[in-house]
Amino acid sequence: MNLLSNILYDMIYHSAPLILAVLGGLFAHKANVLNIGLEGMMLMGAFSSTLFVMLTGNLWIGVLLSVLCTLILGLIFSFFGITMKSNFIITGFGINIFVLALSSFMLKYLQMANINVSSIVNVTNLKINIPFIKDIPIVGSLLSGHTLITYISFILILVVSIVMYKTKFGVYVRVVGENEEAAKSVGINSTAIKYAAVLIGAALCALAGANLAVERMALFTNNMTAGRGFIAIAAIYCGGAKPVKSSIYAVIFGLAKSLAINLALFAGPVSGLFEIVPYLMIVIVLFAVSAVESRRTKIRGFKLE
Amino acid sequence: MYAIEAVNLTKKYGDFVANEDINISIVKGEITAIVGENGAGKTTLMNMFFGLQKPSGGELRVQGKEVSFNSSLDAINCGLGMVHQHFKLVPSLTVFENILLGTEIKKDIKISGKLSFKSPIIDRKQEKKTVQKLIDDYKFELNADDIVENISIGAKQRVEILKMLYRNVDILIFDEPTAVLTPQEVDELLVSFKELKKQGKTIILITHKLREVLEVSDKVVVIKRGRVVGSRATKETSAAEIAKMMVGREVILNVNKKEKDACQNKVVYCVKNLCTENNFGKKVLDNISFEIKEGEILGVAGVEGNGQSELVRVLSGLMEATGGSVHLYNRDITNKWPAELRSSGIGIVPEDRYAQGLCKDMTISDNLIAGYHNNEKLCRHGLLLKKEIEDVSDSLIEKYDIRIAERNGNVSQLSGGNAQKIIVAREFDSNPRMLIVSQPTRGVDIGSIEFIHNKILELRDENKAILLVSSELSEIMNLSDRIIVMYKGKIVGEVQGRNADSEKIGLMMAGVSAE
């Protein structure tokens, strides 16, 4: 019973940053901008939030500054990828390498193995227990005792669905992605829409990073995002870039991570092996989704349009 | 005062002059047709009118005032609207969302009496009502609620027209509006033109189809090689005169075809109950069956998007069939790959010459042997024989009159007509037993069209079997011995080419079955 509760709690816990990155990445994906820089943006969020919390001594100022830093990173990506029309893959890859190098360099420069801010941020106090619900077995562990950004991430699923399908901005993002010429012909500034889409992604990735580092552990370790940005891209792809469906895939990956951690407790000397579960899961899910897709198409060899 | 006036309008791309000293005056409330061959510079001119391209010289006046457009939005604000040949619509949105794109109506949030403000949420109900009223005002046949990807091409065009009318434009530019319509839809469009004219709109019609020009326009302007070569009142001219101005010489508007009877000949190609599905599991080919005999041209007519592309893809090995069979002289060739099809004697002229027929960045001689490079004469021990290949390409270039600057240049330098002739030369000269020819003259100049048509007829007289797919109904009717009509993935009718009646074929193309 206790194990089940732990697995469910950890599932939500590990899903939150993925959901944020998925929801942020959706906009760029819908606007036909391939943003593989999600990983770098998330790492930037994790690194800069911890750094600024250490420097300012305040959690929320630290988070805010880290969102600003990541937005600048988003602007750099947009400038090269959208304005200068460079290759998205190379630009995104550049972002990823740049942030990884920057954070490692700063750690070396500060002569720290990692940045620990537990003296400033008390992690247990950040967990919000919901009265009444917390006492219900199973459901309580599922819904209660999470941090603010975790709750925000789940509420955002609904918000993003509304923005994407009910507002002008959402319609424009989809139009720019589907037929840029149509958007231009009625005077929609497609460049501005693409910039906005990338920047929303950057802001949400910053929150994801802050959640991962400061809010949950009060700690930044080198390369701590460990491929979560790429897992988010996989979730977007599998869910057809629909907010709810892609978030469900994010939760599935969260579950895989949670299972890996909780089951590793029983594995003794080979517990390290369980680390690969989430990544193995990604490969299997991607393979399954692609297999279904390619079974449906009867077209040989060449790509249509 | 003129609606639009171009004075010495010029457009240059580097050394290439697309438009030179164009002088045109469009009279308010009239329908002016601008005609010319493909590549004559009509589209460039219209793009300058609509703000999509900036002129390199000259002046453009709208309603008497000189204008300089930076984008199409400026043009729309000046009362100019354009209906493009390739629609600028978003397939996944509804008709009303497409029409109101960029000018969405937002929901009001009312907080007691006077206080109200705009919410960011779109008011779909109000949008739908507005658009339905617009549709009714102009007596268009359209449903505001339909998703654009599900409606017919003619309906899509009406959406484009309404998109412009909603923005209160007085001058409408139509770029090749009838290229993709059935004969009946063309008639409906011409009626719409007259209705719009009655309401005081000025219309500019760009086309190379002379029937429409004569039927609907008040004035004809002919453009050739980027210059205005003639301008006539429609009442005082004829199709022959316009054609002569367009091409610069007398043109035979009809192909000279020897009639002969293929009924008794041997069956070459036999397709039985062929089926396939698209990515969404929808049947796009539904029980297609036909036979082609020696010395026969079978034409496939239909509005684009009714399964012709898929038929050609399946028959040329680019797509898998889910059911049915294909036989060539009793040999089963169902679902064989293109290389096997070619070696068993099928020549393939694909639909899109640059996507499937040619490699743009390779040399002309490489393209002339592509697909036949395993031929023993051209390749020994896995190595291509350069000299032999050049000999072969030289003879093909000569024989098919391909006009090139240099043999080792890229295909991308060639005009559409000459690029198409490379494919035609390659496939026709491989001595095939059967030919699949799809859209052989799309975007090709009149001179090359004549040439390609004659080559197709020559092969027919050599007793080859030919499958001809084209969206140009006149092409199908001029060349084919028999015509089948496709609608929604099915064959809905068959007529003899000799006494084909475009009215009857048009009805079948629209889904009205023959009986």
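**Exercise 1.** Work out how strand 3 and strand 10 of chain B pair, and what sits around them.

*Solution.* Start with the pair: strand 3 (residues 31–35) and strand 10 (residues 202–207) of chain B run in the parallel sense, joined by five bridges. Strands here are DSSP E runs of at least two residues, helices are H or I runs of at least four, and both are numbered from the N terminus; two strands pair if DSSP finds at least two bridges between them. This is a predicted model, where local features need pLDDT of at least 70, side-chain atom pairs count only at pLDDT 80 or more, and totals for chains, interfaces and linings use all residues. Residues are numbered from 1 along each chain as its sequence is written, with chains lettered from A and ligands numbered from 1 in the order in which they are written.

Next, pick out a facing pair: Ile31(B) stands opposite Ile203(B) of strand 10.

Now zoom out: six strands of chain B make an open, mixed sheet in the order 6-9-10-3-11-12. Its edges are strand 6 (80–83) and strand 12 (227–233) of chain B, each pairing on one side only.

**Exercise 2.** Find which residues touch the most other members of the largest nonpolar core.

*Solution.* A nonpolar core is a set of buried Ala, Val, Leu, Ile, Met, Phe, Trp, Tyr and Cys residues joined through C-beta atoms within 7 Å; buried means 20 or more other C-beta atoms within 10 Å of a residue's own, with C-beta atoms placed from the backbone. Among the 155 residues, the answer is Ala21(A), Val22(A), Ala197(A), Cys205(A), Ala232(A) and Ala235(A). Then look for the top contributor: helix 10 (residues 190–217) of chain A, with 17 residues.

How values were computed
Buried ≥ 20, exposed ≤ 12 C-beta atoms within 10 Å, placed from the backbone.
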